[in-house]
Amino acid sequence: MTNRITQALNIEKPIIQGPMFWLTNANFVAAVSNAGGLGVLGISAGQYEPTNHNSALTLAHMREQIQLTKKLTDKPFGLNLVFKDNPEKDRHALPLIKLMIEEQVPVAVINSTRYVDKWFTMLKENNIKIVFRPATPTKTIVNEAAEKGVDVLVATGFDEGGTIPAKAVGTFSAIPYVADIVAGRVPVMAAGGIVDERTTKAAFALGAEGIFVGTAFLATEESPMADNIKEALTEYDAYDEVLFNAEPQFYRSIPGKLPNELEQLSNEGATHQEVWQLAGRYGGMREGMLRGDLNHGYASFGLGMSFIKKITTVSQVIDKLYTGVPENQR
């Protein structure tokens, strides 16, 4: 038996690094690909300062990061695309897809609430592989993606960091749920709380053929995350994190001045929009995790953080994860 994900994506190990916006850059992504996984450039990769919605500047930064990644690895890597439900209102999708085509990026890692025919078709027509990670993996969206032929489908559970799914369904319930729906039509990856050989082994036992990992890669020397937040990641565990409501649904963070205020505001009944505004929206994650400022930002990690106790390297993380991959999937 061979692994369908490694075959589809032309990689050595069925491990994808989550595309975490500013928390990725060419050096980090190339390290993942060089170690046998699939590194993925997130939107705003390599940027320290916001572009204030300047699409041309963002695109120029992305091209720069893609070209630098190519210099650092000859292995496949991916680019993150985030699609709006209505393609007519999505001014970022087409420029980024054209950039992928021009720069010959082989894999698109897509976040969206549904399958968007216009953009998925364009990617397929240009032989770009599609890793689709629905925001909340409901039966309808999973079935549609499997029927229309994405290359890899990601089952994300409530255990993840960042933007948490709208439904509080844990990763180890989401994996077999999605695997049963696709019934072998598409290989399934597991996302949320997977950081070591034990959680990898559990994911494969439940029907996954690969793992989609964010938090574990942040605790590495190559990660651009702020050093004080890396240290905090190794010191706190999942039970220390605060959970708050914000658009679109939930976020969690390690404790800090702003995160604690967000939790309190949420518990007092503030609307998702009000909490999201105080959080600084996604910019709050940049402040907290890239700049290391928890007075003005927040730092969100998956629940697998409990098992991360030291800063290592990307290669060591991949080796540890790969130990949990069954022999017949290697």
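Helix packing and nonpolar cores

Me: Which residues of H3 meet H4?
Reply: On the H3 side they are Leu-59, Met-62, Arg-63, Ile-66, Gln-67 and Lys-70, and in H4 they meet Pro-95, Leu-96, Leu-99, Glu-102 and Glu-103. Contact means heavy atoms within 4.5 Å. Helices are DSSP runs (H or I, at least four residues), as are strands (E, at least two), numbered from the N terminus. The model is predicted: local features need pLDDT of at least 70 and side-chain atom pairs 80 or more, while totals for chains, interfaces and linings use all residues. Residues are numbered from 1 along each chain as its sequence is written, and side-chain values use heavy atoms, leaving out hydrogens and water.

Me: What angle do H3 and H4 cross at?
Reply: Roughly 25°, and the axes of H3 (residues 55–72) and H4 come within 11 Å. The axes are lines fitted to C-alpha atoms over the stretch in contact, with angles from 0 to 180 degrees between N-to-C directions. H3 and H4 are therefore roughly parallel to each other (under 35 degrees; over 145 is roughly antiparallel, 65 to 115 roughly perpendicular, the rest oblique).

Me: And H2 with H3, how far apart are their axes?
Reply: The axes of H2 (residues 26–34) and H3 are 9 Å apart, at an angle of about 40°. So H2 is oblique to H3.

Me: Which residues make that contact?
Reply: H2 supplies Ala-26, Asn-27, Val-29, Ala-30 and Asn-34, while H3 supplies Gln-65, Leu-68, Thr-69 and Leu-72.

Me: Switching topic. Where is Arg-91?
Reply: Arg-91 sits in the loop between strand S3 (77–82) and helix H4 (93–103). Not counting residues up to four places away in sequence, Arg-91 touches His-53 and Ser-55.

Me: How far is Arg-91 from Val-142?
Reply: C-alpha to C-alpha, Arg-91 and Val-142 are 25 Å apart in space, and 51 residues separate their positions in sequence.

Me: How many residues are in the largest nonpolar core?
Reply: The largest one has 53 residues, and Phe-217 and Phe-301 have the most contacts inside it. Helix H14 (residues 314–322) gives the largest share, five residues. A nonpolar core is a set of buried (under 20% relative accessible area, 1.4 Å probe) Ala, Val, Leu, Ile, Met, Phe, Trp, Tyr and Cys residues joined through side-chain atoms within 4.5 Å.

Me: What is Phe-301 in contact with?
Reply: Leaving aside neighbours within four places in sequence, the contacts of Phe-301 include Thr-215, Leu-218, Met-225, Ile-229, Arg-252 and Met-289.

Me: Which residues does the second core include?
Reply: Among them are Ala-108, Val-116, Phe-120 and Ile-128; this separate core has 38 residues.

Key:
Buried means under 20% relative accessible area, exposed over 50%, partly exposed in between (1.4 Å probe, protein chains only).
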